[in-house]
Amino acid sequence: MAQDNFSRVTEFILLGLSDTRELQLLFFTLFLLAYTMVLLGNLLIIVTVRTDPKLSSPMYFLLCNLSFLDICYTSVTIPRVLVALLSGHKVIAFEGCMAQLFFLHFVGSSEMFLLTVMAFDRYTAICRPLHYMAIMARGACWALVTACWVGGFIHSIVQTVLTLQLPFCGPNTIHSYFCDVPPIVRLACADTALTEWLMASNSGLISLGCFLVLVASYALILAKVRARLSQGHWKALSTCASHMMVVTLFFMPCIFTYLRPAGAVPTSTYVCVIYTIFSPMMNPLIYTLRSSEVKESMWRLWKRCRA
């Protein structure tokens, strides 16, 4: 009965990164540049992999899916941030906020699962090369990618339902540039202790679990190649090191953000920039510039386009 006296929040105000106009224009330029790099880089990867028969191995199939997820992941938040930075309009409807939260976790968790699958793919290729094509057959790859999407959907549905069942009666100011679980839960006008722990167990444990699997797979690869560091194994080791650097930049901020109750000390907005913008921008660079096959295919594609 007490909640009947509350007026339900119909919109939220996203404070963004800064109230200073000069900084807003600077962030707009940087975000636009990063988003352009994400779109062009990942679209180039998708077109290259899809048009070159030589890039038909499971690794490039998974890389193509990662590029698609990166485009979706950044498109959930950055376009609206760009509009807000340029126009100064920081209001988002309640329904739009919940939709952004759902798709952010849907695509983000799907990418976490896919990065874990890609680490397993590298482990199989390096440590069990004779069985690689049997283990990572095309049907198995499709099944793994589908499992990533289904797992991401289930995770996101849980997060969204837990958020929707909370009452919001004011204030409606979100200390971030996008709608996410921790800053929204802090605005609920109810005891959210149980909900916070459920959400932390969901998002936080998924982030931590996937990261630990990634670390374990790369540790096994390191142990395997340590005894026979030929030129090819040095290249594999160098590639794994660069991949590990990127996934660390993606997972560590997520673990820091989600593996704790939402009522804890708020996460810095600039920490969120690392896993929502910087890490997706780095993926095309790390996963293509380290591969001579992809670079050669891109060069062939460029020559065909000019012909």
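## A pocket, a buried glutamine and a helix crossing

The second largest pocket here has a volume of about 280 Å³. This is a predicted model, where local features need pLDDT of at least 70, side-chain atom pairs count only at pLDDT 80 or more, and totals for chains, interfaces and linings use all residues. Residues are numbered from 1 along each chain as its sequence is written, and side-chain values use heavy atoms, with hydrogens and water left out.

**The pocket**

- Of the 16 residues lining the second largest pocket, Arg-50, Phe-61, Cys-64, Asn-65 and Arg-138 are the closest to its centre.
- A pocket is an open set of points on a 1 Å grid over the protein atoms alone, where a 1.4 Å probe fits and protein lies on both sides within 12 Å along at least five of seven lines; lining residues have an atom within 4 Å of a point.
- The volume is the space filled by probe spheres set on the points, which are joined across faces, edges and corners.
- Helix 1 (21-51), helix 2 (58-87) and helix 5 (138-164) each give two or more residues to this lining, and helix 5 has the largest share with five residues.
- By class, the lining has nine nonpolar, four polar and three charged residues (nonpolar: Ala, Val, Leu, Ile, Met, Phe, Trp, Tyr, Cys and Pro; charged: Asp, Glu, Lys and Arg; polar: the others, Gly among them).

**The chain as a whole**

- The protein chain has 10 helices and three strands (DSSP runs numbered from the N terminus: H or I of at least four residues for helices, E of at least two for strands).
- From the N terminus, the order is β-α-α-β-α-α-α-β-α-α-α-α-α.
- Of the 307 residues in the chain, 50% are buried, meaning under 20% relative accessible area with a 1.4 Å probe and protein chains only.

**Gln-159**

- Gln-159 sits in helix 5 and counts as buried because its relative accessibility is 0%.
- Beyond its neighbours within four places in sequence, Gln-159 is in contact (heavy atoms within 4.5 Å) with Leu-101, His-105, Val-181, Met-199, Asn-202 and Ser-203.

**Helix 1 meets helix 10**

- The axes of helix 1 and helix 10 (residues 292-306) come within 10 Å and cross at roughly 85°.
- The two helices are therefore roughly perpendicular, a label for angles of 65 to 115 degrees.
- Axes are lines fitted to C-alpha atoms over the stretch in contact, with angles from 0 to 180 degrees between N-to-C directions.
- Helix 1 makes the contact through residues including Leu-44 and Ile-45, and helix 10 through residues including Val-294 and Arg-304.

Notes
Angles under 35 degrees count as roughly parallel, over 145 as roughly antiparallel, 65 to 115 as roughly perpendicular and the rest as oblique.
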